[in-house]
Amino acid sequence: MPGLTIGDTIPDLQVETNQGKIKLHQFCADGWTILFSHPGDFTPVCTTELGKMAQYAKEFYQRGVKLLGLSCDDVQSHNEWIKDIEAYTPGAKVNYPIIADPKREIIKQLNMVDPDEKDSTGNLPSRALHIVGPDLKIKLSFLYPATTGRNMDEVLRVIESLQKASKFKVATPANWKPGDPVVITPDVTNEQAKEMFPQGFESVELPSKKKYLRLTKV
């Protein structure tokens, strides 16, 4: 299994989805993409996750983020499963495409295999989630076992963090939430910071007297 991880370019696969065939590079170009996999259709945790992703879709779209699911079943199964997903999460519409991978070949190429979860056909997909940047490179990856559902508030939080980091020379501290102060990266001098952040910044006084922890709002 290829070790596709942060910094790698996603492979330009042509995939079948419930909305037709797509090429990954074309789909992901010129924006941000959340690519997320699920162990299987008609499974309990996955049904809750796809419903939540649909519920949060507006928040992602407002930030210029596309959604692309994956499950190791065929298109017909996906279309039937969507009825259950939307029934479980009232008001949520699964408008994003879901990749079909009944032969479980795509999950290997995208590093989305759970080594411990198997059925009679072989290994199941993990709950993997790759955030792909406009340059087609993976900017962040979550890798959960099949037994643990993901938190969509955290996915939204890290999208905001990544987008701020790509736009400004900043990083987000521990437990950061949108609206909280960010830190200025160490490669920015104080002189540069004054020009880049006219709103000002605060250098935290620390025992070392090294003023490397600088807070600002963007």
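**Note on the buried side chains of a predicted model**

1. Tyr-96 counts as buried because its relative accessibility is 1%, where buried stands for under 20% relative accessible area, exposed for over 50% and partly exposed for what lies in between, with a 1.4 Å probe and protein chains only. The model is a predicted one, in which local features need pLDDT of at least 70 and side-chain atom pairs count only at pLDDT 80 or more, while totals for chains, interfaces and linings use all residues. Residues are numbered from 1 along each chain as its sequence is written, and side-chain values use heavy atoms, with hydrogens and water left out.

2. Two aromatic pairs come out of a search of the whole structure, a pair being two rings of Phe, Tyr or Trp (its six-membered ring) with centres within 6.5 Å, called stacked if the planes are under 30 degrees apart, edge-to-face if over 60 and tilted for the rest. Phe-36 and Tyr-96 form an edge-to-face pair, because their planes stand at 70°, with the ring centres 5.6 Å apart. This pair links distant parts of the chain, 60 residues apart, since Phe-36 is in strand 3 (residues 32-38) and Tyr-96 is in the loop between helix 3 (75-88) and strand 5 (98-100); helices (H or I, at least four residues) and strands (E, at least two) are DSSP runs numbered from the N terminus. Phe-36, too, is buried, at 1% relative accessibility.

3. Phe-142 and Tyr-144 make an edge-to-face aromatic pair as well, with 6.0 Å from centre to centre and 80° between the planes. Phe-142 is buried at a relative accessible area of 16%, whereas Tyr-144, at 21%, counts as partly exposed.

4. The largest nonpolar core holds 29 residues, and Ile-34, Met-53, Phe-60, Tyr-96 and Ile-131 have the most contacts inside it; such a core is a set of buried Ala, Val, Leu, Ile, Met, Phe, Trp, Tyr and Cys residues joined through side-chain atoms within 4.5 Å. At least two residues of this core come from each of several elements, among them strand 4 (65-71), strand 9 (138-144) and helix 5 (152-167), and helix 2 gives the most, with seven residues. A second, separate core has 21 residues, including Val-15, Leu-24, Leu-35 and Val-132.

5. Not counting residues up to four places away in sequence, Met-53 touches Ile-34, Phe-36, Phe-60, Leu-67, Tyr-96, Leu-129 and Met-152, contact meaning heavy atoms within 4.5 Å. Ala-54 lies in helix 2 and is buried at 8% relative accessibility. Leaving aside neighbours within four places in sequence, Ala-54 is in contact with Ala-92, Lys-93, Val-94 and Tyr-96.

6. UniProt, in an unreviewed entry, places the feature "active site" at Cys-46; its positions are given in the numbering used here, feature names are shortened, and annotations may be inferred rather than shown by experiment. Cys-46 lies in helix 2 (residues 44-62) and is buried, with a relative accessible area of 1%. Residues up to four places away in sequence aside, Cys-46 touches His-38, Pro-39, Gly-40, Trp-81 and Arg-127.

7. Arg-127 lies in strand 8 (residues 127-132) and is buried, with a relative accessible area of 2%. The side chain of Arg-127 makes a polar contact with the side chain of Glu-49 at 3.0 Å, and it reaches the backbone oxygen of Thr-148 at 3.4 Å. A polar contact is a pair of N or O atoms within 3.5 Å; within protein, one must be able to donate a hydrogen and the other to accept it, and residues adjacent in sequence count only if both atoms are side-chain atoms.
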